[in-house]
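Please have the model open while reading.

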Amino acid sequence: MEFVTASPGTTTVLAADTLVEMYQVMVLSRRLDERVWVLHRQGRIAFHISAIGHEACQVAAAYAINRGVDYVYPYYRDLTLSLALGFTPLDFLLGVFGKAGEPTSGARQMPSHFSSRALGLVSGSSSVATQVPQAAGAAFAIQYRQKRGLQRPDDNSQPRLALTCLGEGSTSQGEWYEGMNWAGVHRLPFICLVQNNHYAISVPYDHQSATPNVADRAPMFGVHGAIVDGNDVLASYQVLREAVERAYRGEGATLVEAKTYRPVPHSSDDDDRSYRPREEVEAWKKKDPILRFGQRLMDEGILTEAMIADIDANARQQVETALREAENAPYPAPEAALGAVYAQE
Amino acid sequence: MAEMTLIQAITTAMDEELARDERVFITGEDVGVRGGVFRATLGLHEKYGGDRVVDSPLAELSIVAIGIGAAVSGLRPICEIQFADYIFPAFNQIVGEAARFYYRSNGVWNVPLVIRAPYGGGVGGGLYHSQSVEAFFTHVPGLKVVIPSTPYDAKGLLKAAVRDPNPVLFFETKKGYRAIKGDVPADDYIVPIGPARIAREGRDVSVFAYGMMAHYAGIAADMVAAEGVSAEVVDLRTLLPIDRDAILGSFRKTGKALIVYEDNRTMGYGAEIAAILADEGFEHMDGPIRRLAGPDVPGVPFSHPMQEFFMPNPEKIAAAIRELAAY
């Protein structure tokens, strides 16, 4: 399988202002994420699970699909992806503090369980890979509507594919195999983006699978497979955009494996020093997706150092403003725990 | 008005819902050209095509999960699990996912999904074609659990389940599929999910049951009536949400309760009814609250004498009614 690492020429792929927007989302995600780690270390919040290191493939995924329209079944690390779809720092921070008005679950779920009907982001659980066969079901529904004439195939006001994300450890679950199998059998408009950061908490990839790459398993499902440098925005975008166009053309599903790394512990409750050498972490930090993308945009004359500093200051400002608002927000009424058990017709 | 078997009423309900609403589709193992191993989807593939009556891979969790994703996307899936015994691979998708979707999204995403499965023993099915699994699911808020005992209710309740905005588990007594017959109107009627039904009025003992056991309870009530014992049969129909008013209303009248289910006795559905009666019906109690159920063994044995030993039947129910009436 081809490992896509070489970035295509930037301006031939995306407009300069779009590239800057993608960079802004990545920086916003990073600053927000780092701020929440600090809040946790200060004892002000209970839990955080991070997207740091995964920003490139996530922002690429959001911009490759029809953002806010196509279905996205995310996992807990998809902060950057969610922000790129239109989720806000305040939305996220209300969840981090468990405050009233939290938009994904009314603060019932732990943080990072992204959901928004308006953004096409579908609610998930903490149980890994459960979202994969459900996303295949959403893709099945799209195909069903198109076949039955309930939706025109070129109607871009309707979802035309379902994208789901998960980590490489989650590909050991039966749910993943069964979801991928449906995607293959029915040639569904479906993209499975595996963000392979090489560790499922502490367990390295070679303890998950004997296949050298996750995407090596694509042929067993009869779907297209691709491996990409997940820390490279443009390479990730290229591969994901091909998958999107394949889905839109009705040519079936794609399994995309984005090789990346999380330079931080699995969650705020984890200590990664017990299972991986510091040298490995430091080596990956040199491949930081935001540094790389920023340098690339400067090399191409799209950004300057001053613009990058502005983007950074602006992101910090947005985070601090949202943080004040979230901290000042009230908690939900205790009895709010009783609501929304059954839907009424 | 035509006489139908239980399974014909179920097929009719699906046929009518497929015709009524283009969002309705069926998936499951062998539901297509084969028409289901029990023939519940007989003729539907031919009539509606393979895009709407979809043979699934032999993998239960994805039958349910595909249904969840499609339901969340606005379709109205009917998922068939070939035997209730095989629902466990889908347990996490039902209990962890479908049941919690609405709550965990604070009312934003709902799952209008029906999961049908034949349940129960007495058919030579052994450990893995005889199970009653309702108690695993009636413990779970967010689910609805329905078990009809008549063709009339089967059609009306299944149509209600298809139109319900929540995940509904619809368990069908496989022993009753062809053994139970009754009149079924041709019109598009609904039996609402929720209310129990007083299948037979009586004074002396209330018998609470569902599915095949509700059918047997009616036969047992006939048997004891000849001896002057008046048994009231409450067919619960919907197990979750539970119809507390109907249960307590009957108990207030008789003061005596026999709860019949073919699941294992301990921690079975009858335990909750007993608890409701003990808690909220205490001042009306005029005898022990009795449960007649399967023994606490890990399955219904295959060999006929052992199977019959396991299963409640009209004779056993009649004996339990007599004993309670005489108390």
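In chain A, Val132(A), Pro133(A), Ala135(A), Ala136(A), Ala139(A) and Phe140(A) of α6(A) meet Glu175(A), Trp176(A), Glu178(A), Gly179(A), Trp182(A) and Ala183(A) of α7(A), where two residues are in contact if their C-beta atoms, placed from the backbone, lie within 7 Å. By class, this contact has nine nonpolar residues, one polar and two charged; Ala, Val, Leu, Ile, Met, Phe, Trp, Tyr, Cys and Pro count as nonpolar, Asp, Glu, Lys and Arg as charged, and the others, Gly among them, as polar. Helices (H or I, at least four residues) and strands (E, at least two) are DSSP runs, numbered from the N terminus.

The model is predicted, so local features need pLDDT of at least 70 and side-chain atom pairs count only at pLDDT 80 or more, whereas totals for chains, interfaces and linings use all residues. Residues are numbered from 1 along each chain as its sequence is written, while chains are lettered from A and ligands numbered from 1 in the order in which they are written.

**Helix pairs in chain A**

Two packed helices are described by the angle between their axes and the distance between the axes. Here the axes are lines fitted to C-alpha atoms, for helices over the stretch in contact, and angles run from 0 to 180 degrees between N-to-C directions.

| Helix pair | Angle between axes | Distance between axes |
|---|---|---|
| α2(A) (16-41) and α12(A) (305-328) | about 50° | 9 Å |
| α3(A) (55-64) and α9(A) (233-248) | about 35° | 8 Å |
| α6(A) (131-147) and α7(A) (174-185) | roughly 20° | within 7 Å |

The axes of α6(A) and α7(A) cross at roughly 20°, and that makes α6(A) roughly parallel to α7(A); angles under 35 degrees count as roughly parallel, over 145 as roughly antiparallel, 65 to 115 as roughly perpendicular and the rest as oblique. The crossing of α6(A) with α7(A) is left-handed, a crossing being left-handed if the near helix is turned anticlockwise from the far one by less than a right angle, and right-handed if clockwise.

For α2(A) and α12(A), the angle is about 50°, which makes α2(A) oblique to α12(A), and the crossing is right-handed. The residues of α2(A) in this contact include Tyr23(A), Val27(A), Leu28(A) and Arg31(A), and among those they face in α12(A) are Ile311(A), Ala315(A), Val319(A) and Leu323(A). This contact divides into eight nonpolar, two polar and four charged residues.

The crossing of α3(A) and α9(A) is right-handed. Among the residues that meet there are Ala56(A), Cys57(A) and Ala60(A) in α3(A), together with Tyr237(A), Leu240(A) and Arg241(A) in α9(A); by class, the contact has 11 nonpolar residues, one polar and one charged.

**Two sheets in chain B**

In chain B, seven strands form an open sheet with mixed pairing, in the order β3-β2-β4-β5-β7-β6-β12, two strands being paired if DSSP finds at least two bridges between them. Its edge strands are β3(B) (53-55) and β12(B) (238-240), each pairing on one side only. β6(B) and β12(B) run antiparallel and are joined by two bridges, and Val145(B) stands opposite Leu240(B) in β12(B). Packed on this sheet is α3(B), which touches β2(B), β4(B) and β5(B), its direction making about 175° with that of β4(B).

Another open sheet, of five strands, has the order β9-β11-β10-β13-β14 in chain B, again with mixed pairing. β9(B) (197-200) and β14(B) (290-294) stand at its edges with a single partner strand each, so one side of each is left without a neighbour in the sheet. Within this sheet, β10(B) and β13(B) run parallel and are joined by three bridges, with Ile259(B) in β13(B) as the bridge partner of Phe208(B). Helix α11(B) (269-280) lies across β10(B), β13(B) and β14(B), at about 155° to β13(B), while helix α13(B) (314-326) lies across β10(B), β11(B), β13(B) and β14(B), at about 165° to β14(B).

**Domains and chains**

Chain B is divided into domain 1 (2-184) and domain 2 (197-326), with bounds that come from an automatic or database domain assignment. The centres of the two domains, taken over C-alpha atoms, are separated by 26 Å, and 27 residues of domain 1 are in contact with 25 residues of domain 2.

Between the chains, 36 residues of chain B are in contact with 36 residues of chain A. On the side of chain B that touches chain A, the largest share, nine residues, comes from α3(B), and that side divides into 17 nonpolar, 14 polar and five charged residues.
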